[in-house]
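Please report on this model.

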Amino acid sequence: MLDADFTELATERLRLRALRADDAPALLALYADAEVMRHWIHPPWAALSQAQAAIEEARRDLASGRALHLALETRGDGLLAGSCALYDIAPGHRRATVGYLLAEPYWGRGMAREALAVLLGHGIDTLGLDRIEAEVTPHNFASQSVLARLGFRREGRLHARWRVGGMTRDVDLWALLRHDWQG
Ligand SMILES: CC(C)(COP(=O)(O)OP(=O)(O)OC[C@H]1O[C@@H](n2cnc3c(N)ncnc32)[C@H](O)[C@@H]1OP(=O)(O)O)[C@@H](O)C(=O)NCCC(=O)NCCS
């Protein structure tokens, strides 16, 4: 289902491109920040090898069509501002899940919405998805606001969905349906 010729997507401020091996130090800095990872489904990373393994997995998934895991690079200075992904792609059901995070200096500037607008458009218009899901912790108000403004609706709570750092975590399931997409 993934576009074998995928190269990159672009917005006014960001380039959405495949992760590269040389992103590992910047990706580690992103995923090692406890504040960025506060609502994530695994603890912050602590080693460069975790970033390297994630990049290798992302590149394998891109080649096999299982997921599109992209770097968010600033167009001005070429820095890694964050990452985003369409994963758990189920072509037979025209469904996938979206994930995203930004480094703290880029928060509060509407960049997640800007990046997701093109990623979701790619998922719906190019990949033919009818449904894109997101799992969000109930206290992640910024993420909920981003999703709501893009047309996602909250469908319900998944109780004890994850265990993170020895604690059980609930998440809310949000979904964007093709007919709610304003792209
Ligand atoms: C969630 C995240 C991606 C949001 O990206 P962003 O580009 O900073 O989002 P925006 O600047 O568009 O702000 C989103 C909205 O949330 C609001 N907001 C920000 N922090 C908030 C808070 N603590 N409480 C309530 N609303 C908040 C903003 O005012 C904005 O409102 P608006 O849509 O009415 O303008 C970013 O904060 C992030 O990377 N967080 C860490 C990783 C993460 O949680 N990822 C999502 C996992 S589901």
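A backbone N or O atom of Met111 lies 3.3 Å from an oxygen atom of the ligand. This is a predicted model: local features need pLDDT of at least 70, side-chain atom pairs count only at pLDDT 80 or more, and totals for chains, interfaces and linings use all residues. Residues are numbered from 1 along each chain as its sequence is written, and side-chain values use heavy atoms, with hydrogens and water left out.

Two further residues place N or O atoms by ligand oxygen atoms, Gly108 and Arg149.

| Residue | Protein atom | Distance to a ligand oxygen atom |
|---|---|---|
| Gly108 | backbone N or O | 2.8 Å |
| Met111 | backbone N or O | 3.3 Å |
| Arg149 | side-chain N or O | 3.3 Å |

Of the 960 Å² of accessible area that the ligand has on its own, the protein covers 70%. Accessible areas come from the Shrake-Rupley method with a 1.4 Å probe; for residues, only the protein chains shown count as cover.

The shell around the ligand holds 21 residues, each with a heavy atom within 4 Å of the ligand. Leu102, Gly108, Asn140, Ser145 and Arg149 are the closest. Strand E5 (95-102), helix H3 (111-126), strand E6 (131-136) and helix H4 (141-149) each supply at least two shell residues. H4 gives the largest share, six residues. Helices (H or I, at least four residues) and strands (E, at least two) are DSSP runs, numbered from the N terminus. By class, the shell has twelve nonpolar, five polar and four charged residues. Asp, Glu, Lys and Arg count as charged; Ala, Val, Leu, Ile, Met, Phe, Trp, Tyr, Cys and Pro as nonpolar; the others, Gly among them, as polar.

Ala51, Ala54, Ile55, Ala58 and Asp61 of H2 are buried (under 20% relative accessible area; exposed is over 50%, partly exposed in between, with a 1.4 Å probe and protein chains only). These residues lie on the same side of H2 because they cover an arc of only 130 degrees around the axis, taken from the directions from the helix axis to the C-beta atoms. The face turned away from that buried side carries exposed Arg60 and Ala63.

Arg17 sits in strand E2 (residues 14-18). Why does Arg17 count as buried? Its relative accessibility is 7%. The Arg17 side chain makes a polar contact with the side chain of Asp23 (2.9 Å). Another polar contact, 2.5 Å, joins the side chains of Arg17 and Glu73. A polar contact is a pair of N or O atoms within 3.5 Å; within protein, one must be able to donate a hydrogen and the other to accept it, and residues adjacent in sequence count only if both atoms are side-chain atoms.
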